[in-house]
Amino acid sequence: MNLPNILTLSRIVMIPVFVVIFYLPVEWRYVVSAAIFAVAGATDWLDGYLARKLDQSTPFGAFLDPVADKLMVAVALTVLIEEHASFILTIPAMVIIGREIVISALREWMAEVGSRASVAVSYIGKIKTTAQMVSIILLLAVPPGVIIAWLGTGLLYLAAVLTLWSMVLYLQAAWPDLFPDKGQHQ
């Protein structure tokens, strides 16, 4: 157990705290739940930075980091769908969560066939993640209907478009392994 792994585990521990605070019957719940999500996002960056800087990358950390990220985002999007009760927010949230499931399954399958490197994280994925995190923070920070929530929704749509784009790039990279020519793979 090292500091980067502890930071990753802290993101998972933050999830139930985040949910409880989000559903408290008080006005400050919005800002505090947004702050918790922002701290989780910062620890995501920090644990990766420290793992590389201190040469403390571990197989456990490599496994747990994307799991913690996807759990935090999926839970945040789920509570936002319920809070906003609107298909306008539900559509990009479904795209983002659905893409994460597809890409996780694709990465797992590609690792099994020894082609994991061909579906490495792309630059477009980093832009998507930034738009997604900022949008979720904005949406969490205020009640539905506030102008900032509309800005957050717009950024969530941008994240959803980039999500689909990055999924297409991943699928293109995996295409030769998914549909090998006859005779090449048996």
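L162 lies in helix α6, helices being DSSP runs of H or I with at least four residues, numbered from the N terminus. The model is predicted: local features need pLDDT of at least 70, side-chain atom pairs count only at pLDDT 80 or more, and totals for chains, interfaces and linings use all residues. Residues are numbered from 1 along each chain as its sequence is written, and side-chain values use heavy atoms, without hydrogens and water.

**L162**
- Leaving aside residues up to four places away in sequence, L162 touches I124, I127 and K128, where contact means heavy atoms within 4.5 Å.
- Between L162 and Q132, the C-alpha to C-alpha distance is 9.5 Å, with 30 residues separating them in sequence.

**Helix α5**
- Helix α5 covers residues 123–141, and its 19 residues reach 27 Å from first to last C-alpha, close to the expected 27 Å (1.5 Å times one less than the number of residues).
- Its buried residues include I124, K128 and Q132.
- The buried residues of α5 pack against α1 (3–22), α2 (29–53), α3 (59–84), α4 (87–112) and α6 (147–178).

**The α1 and α2 pair**
- The angle between α1 and α2 is about 170 degrees, and their axes are 9 Å apart; axes are lines fitted to C-alpha atoms over the stretch in contact, with angles from 0 to 180 degrees between N-to-C directions.
- The two helices α1 and α2 are therefore roughly antiparallel (angles over 145 degrees).
- Residues making this contact include L7, M14 and F18 of α1 and V32, I36 and L50 of α2.

Note on methods: Buried means under 20% relative accessible area, exposed over 50%, partly exposed in between (1.4 Å probe, protein chains only). Angles under 35 degrees count as roughly parallel, over 145 as roughly antiparallel, 65 to 115 as roughly perpendicular and the rest as oblique.
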